[in-house]
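Subject: Structure handover

Hello,

Here is the structure I said I would pass on. My notes on it follow below.

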Amino acid sequence: MRLKDLQQAYDKKLTEQLLAPFQGHTRLEASIRYSLENAGKHLRVYFILALMKAFGVDEAKGLPAGIAVEYIHTYSLIHDDLPAMDDDDYRRGVLSNHRAFDEATAILAGDALLTAAFEYLSATDLYSDRTKIKLMTLLSQAAGYQGMVSGQSLDLEAEGTDISLEAVEVMYQRKTGALLSYSIKAGALLSAVESEGQKLLNNFAKHYGLAYQIHNDLQEEVWTDKKRGKISHSDKLLQKNTFPAHLGIPGAKSYLEKCVQAAKENLASLEGIYETRNFELLYDFLHYLKI
Ligand code: GRG
């Protein structure tokens, strides 16, 4: 099975389940639905499902863990677009949440999605209480003051200043990498992968997270607004510390290639341990990183 087949099999069900809790007729729920319906790639969900499938576990059981992280990802994008943060009018080719609604509603939609993630995990009957607690711990660590929120704070602090390449890596590892790492850890937990495999998967996630961010930075530099669904070069306007800003476009491209290569090597080592398993689905995520 390839990634597109997995997406085809789950996209409708996933959207239904993501929207299911928000059926009220309030402005808040309309604003939450707006951001969930104008969906992105659901990458963090499919990482969990793909990993479980590769390990021969029923991937449908990964949905609650995936829905929780998708809620947190959606909240982060709504808040990231706010005037106090990156001040973006468009997201995924449509008006950003605070432009379609208003700033207060967008803040509250983000707050509601952040809490809904944990409510969703706590309510599922697919996991034992022990597994739920482990997933909640992983998710709160990835999303919070040591993870994504910390990365966002470092990013805003660094605007207009010159930080080292190492500091840029730490910032992005938290801002973008942490949630992707949660997905890999959640998938490994739900597939009962043991420690040697977990280590390789965690390294894969680290390299993937970095590669994903560099790819995103490069898109901003070289893709049209239409293709990105945003207004280009806002990173430059905000004097962001991006990889192309530090390394130049050719340097960022070769760094991206290096990270992709390292991620592939982790998968190859995994194949060495689990000889009967097929990790094609995980390789497919790397194909997305073409520029
Ligand atoms: C506001 C606490 C807080 C955090 C915001 C994730 C984030 C932190 C900001 C997004 C900034 C950004 C564009 C980062 C680049 C990588 C990235 C996370 C892109 C968006 O994720 P995708 O590509 O988006 O998975 P879709 O639209 O497919 O869901």
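Which residue forms a salt bridge with Asp102? The partner is Arg27, and the closest N and O atoms of the two are 2.8 Å apart. Before going further, please keep in mind that this is a predicted model.

Salt bridges

Arg27 belongs to helix α2, whereas Asp102 sits in the loop between α5 (97-100) and α6 (103-123), so this pair ties together parts that are 75 residues apart in sequence. Arg27 is partly exposed, with a relative accessible area of 47%. Asp102 also counts as partly exposed, at 27%.

The count of salt bridges comes to 10. Two of them involve Arg91. One is with Asp80, where the closest N and O atoms are 3.6 Å apart. This pair links distant parts of the chain, with Arg91 in strand β1 (residues 90-91) and Asp80 in helix α4, 11 residues apart. The other is with Asp81, at 2.8 Å from N to O. Asp81 lies in the loop between α4 and β1, 10 residues from Arg91. Arg91 and Asp80 are both buried, and Asp81 is buried as well.

Elsewhere, Arg2, Glu280 and Asp284 are linked in a network of salt bridges.

A buried arginine without a salt bridge

Arg33 lies in helix α2 (residues 27-37). Arg33 is buried but has no salt bridge. The nearest side chain of opposite charge is that of Glu37, 4.8 Å away, and a salt bridge requires the atoms to be within 4 Å. A polar atom of the Arg33 side chain does lie 3.3 Å from the backbone oxygen of Gly24.

The ligand

There are 19 residues around the ligand, and Lys41, Arg44, His73, Arg92 and Tyr212 come nearest. Taken alone, the ligand exposes 700 Å², and the protein buries 92% of that.

The elements that give two or more residues to the shell are α4 (63-80), α8 (148-158), α9 (165-190) and α10 (195-222). Helix α4 supplies the largest share, 6 residues. By type, the shell divides into 6 nonpolar, 8 polar and 5 charged residues.

Regards

Methods. Residues are numbered from 1 along each chain as its sequence is written. This is a predicted model: local features need pLDDT of at least 70, side-chain atom pairs count only at pLDDT 80 or more; totals for chains, interfaces and linings use all residues. Side-chain values use heavy atoms; hydrogens and water are left out. A residue is near a molecule or strand if one of its heavy atoms lies within 4 Å of it. Accessible areas come from the Shrake-Rupley method with a 1.4 Å probe; for residues, only the protein chains shown count as cover. Helices (H or I, at least four residues) and strands (E, at least two) are DSSP runs, numbered from the N terminus. Ala, Val, Leu, Ile, Met, Phe, Trp, Tyr, Cys and Pro count as nonpolar, Asp, Glu, Lys and Arg as charged, and the others, Gly among them, as polar. Buried means under 20% relative accessible area, exposed over 50%, partly exposed in between (1.4 Å probe, protein chains only). Lys and Arg count as positive and Asp and Glu as negative; His and the chain ends are not counted. A polar contact is a pair of N or O atoms within 3.5 Å; within protein, one must be able to donate a hydrogen and the other to accept it, and residues adjacent in sequence count only if both atoms are side-chain atoms.
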